[in-house]
Amino acid sequence: MAGRDQATSVKSGKATSSHAALRIALSRWFAVAACCCLLPLACQRTQAPEPAVQPRVVTLGNQGDAPQAAHEPERPAPRPADYLSGTHWPPAHLGAGKAWISCSYDYDADGDGAPVESLDFLALVDALTPCRGGVAGGTGLVRLRYHGSIDAGFTALVERVGAIAQRMDIDEHILDIDSTGGQVEEAIPAGDAIAGAQWAIWVRERSICHSACVLVLAAGDTRSIAGKVGIHRLIRDQSRATTRRELSAELHDVTEQVRDYLARNGVAGSLADQMMIVPNRDLRILSSAELAQFGLSGTNAVQDDLDRITLMRQCGDEFVRRRDAFMRAFDAQCMTPGDAADAQQACGQALEQRFGFPDAKCGGQSPMKYYARRAGESLPAPPAAEPVSSVGGRRRTAAPRAARQP
C-alpha cells in the first residue's frame with residue numbers, strides 16, 4: 001500500500017514538474033513572439049525622421065517687396081468652415097491695417113466712421129447695430145473703410161463683417177479700400193468671402209489698389225474707381241530660385257490659382273499675363289479703358305448673369321426680357337450726363353409704366369429698385385470746387401477732386 005502511494009506521489013511530482021516546464025516554455029515563446037511583433041514598430045519609430053517644419057507659403061503682392069531671409073512662423077490652423085454661423089469665433093486680429101465702420105455713403109460729410117477695435121463676435125454686432133434698416137430705423141447699409149495690407153487680418157475682417165451684416169439684414173455692403181497689396185494667399189479667400197456676401201467696392205480719390213489688392217477688387221458686385229489701380233509681378237517669399245526656370249516653377253501653382261480666381265469673378269485671364277510682365281519694383285497704372293477691358297470696373301458680369309438667372313427662376317423668362325429692355329431704354333434715355341438723381345428717377349418711373357412695371361405677378365422686383373441700389377453703390381459725386389484763397393486780390397479756386405474713372 002505504501003509502495004503504491006509512493007509511486008503515485010512520484011507520478012504526481014513528475015506531472016507537476018512537466019506542467020511547470022510547459023508553462024515556462026509557453027511564456028518564453030509568447031515573449032519572443034511579442035518582441036518579434038513589436039520590433040518592426042520600434043525600428044520604424046527610430047528610423048522615421050521627424051517631420052520638418054514647413055515654412056509659411058506667402059506670395060507677395062506689394063510694390064518693391066523682396067523675399068525675407070528670416071523664417072516666418074507657420075500659418076495658423078484654418079478656421080472651421082462653418083464658424084461664422086455660430087457665436088464662438090476663434091481669435092483673430094487686424095495686422096498693421098486699420099478699419100472703420102460707417103452706416104453712410106457720404107464720407108465727405110460723415111467721415112470714415114467708428115474704428116474697428118476688435119474682430120470678436122459681440123464687438124462687431126455692437127459696431128453694426130446702428131446700420132440696421134427696416135424697423136430698426138438705420139440706413140440698411142454698411143461701409144467698411146480699410147487702409148492697409150491684404151493679410152490674414154483683412155480676410156477675417158471681411159468674412160466677419162459680411163457675416164454679421166447678413167445676419168442683421170443689412171442689405172448693402174460697401175468695401176472702401178486703400179491698399180498697396182499684400183499676400184496673394186489671403187487675397188483669394190478674402191475675395192471669395194466678398195463675392196459670397198455681395199460687396200460693392202470703392203477705390204475713392206486719393207486711395208490706391210495695387211497688386212494683390214486688384215484680386216480683391218475683382219470680387220466686387222460693382223467696382224467704382226476714382227483712385228489708382230496698379231499691377232506688377234508677384235514674388236514668392238523665401239524664394240530659393242537661382243534660375244529663371246526655378247523662379248517660374250515656384251510661381252506656377254499660384255499663377256494658376258489666380259487665373260481660376262479671376263475667371264470665376266468675370267475678369268479676363270489676360271490680366272494675370274499682364275501682371276507677370278511688369279517687374280515687382282515697378283507699377284503699371286491701369287487706365288479707365290483697361291479697367292473696363294479686363295472687367296475690373298462697373299458691374300461684375302458674372303454677378304449680373306447670376307442675378308438674371310435667379311430672377312428668371314422667380315419671375316419667369318418674359319419678365320426678365322421685359323426688364324432687360326427697360327434697362328437698355330433707361331441707359332439710353334435717362335442717364336444723361338449732368339442730370340440730377342431726382343430727374344433720372346422721374347424718367348425711370350415713367351419708363352416703368354411703359355414697360356408694364358410694377359409687375360402684377362412679381363411686384364417686389366422693380367427695375368428702378370435695381371438702379372437705386374447700383375446708384376447707391378457708386379462713389380459719391382465730388383463736391384464742386386470752392387474758392388480757398390486769394391492771390392493779388394483775385395480769388396483762386398481749389399482744384400476739384402480726381403474725376404471718377406468709369
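Let's start with one residue. Ala195 lies in helix α5. Keep in mind that this is a predicted model.

Is Ala195 buried, partly exposed or exposed? Its relative accessibility is 25%, so Ala195 counts as partly exposed. What does Ala195 touch, leaving aside residues up to four places away in sequence? Ala219 and Asn265. Now look further along the chain. Gln303 is 108 residues from Ala195, yet their C-alpha atoms are separated by 8.5 Å.

Next, the helix itself. α5 covers residues 184–197, and it packs with helix α7, residues 244–264. The angle is about 20°, and the axes are 11 Å apart. Angles under 35 degrees count as roughly parallel, so α5 is roughly parallel to α7. The crossing is left-handed.

Who meets whom? On the α5 side, we have Val184, Glu185, Ala187, Ile188, Gly191 and Asp192. On the α7 side, they meet Val254, Gln257, Val258, Tyr261 and Arg264. By class, that contact has 6 nonpolar, 2 polar and 3 charged residues.

Now to the strands. Find β4, residues 141–147. This strand is mostly covered, with 6 of its 7 residues buried.

Which strands pair with β4? One is β2, residues 98–102. β2 and β4 run antiparallel, joined by 5 bridges. Look for Lys98, which stands opposite His147 in β4. Another is β5, residues 172–178. Here the pairing is parallel, over 7 bridges. Leu144 stands opposite Leu175 in β5.

One general point for viewing strands. In a regular strand, side chains alternate between the two faces of the sheet.

Terms used: Residues numbered from 1 in each chain as written. Predicted model: local features only at pLDDT ≥ 70, side-chain atom pairs only at ≥ 80, totals over all residues. Heavy atoms only, no water. Axes fitted to C-alpha atoms, helices over the stretch in contact; angles between N-to-C directions. Helix = DSSP H or I, 4+ residues; strand = E, 2+ residues; numbered from the N terminus. Parallel < 35°, antiparallel > 145°, perpendicular 65-115°, else oblique. Left-handed = near helix turned anticlockwise from the far one by under 90°. Contact = heavy atoms within 4.5 Å. Nonpolar A, V, L, I, M, F, W, Y, C, P; charged D, E, K, R; others polar. Buried < 20%, exposed > 50% of the residue type's maximum accessible area, 1.4 Å probe, protein only. Pairing = 2+ DSSP bridges.
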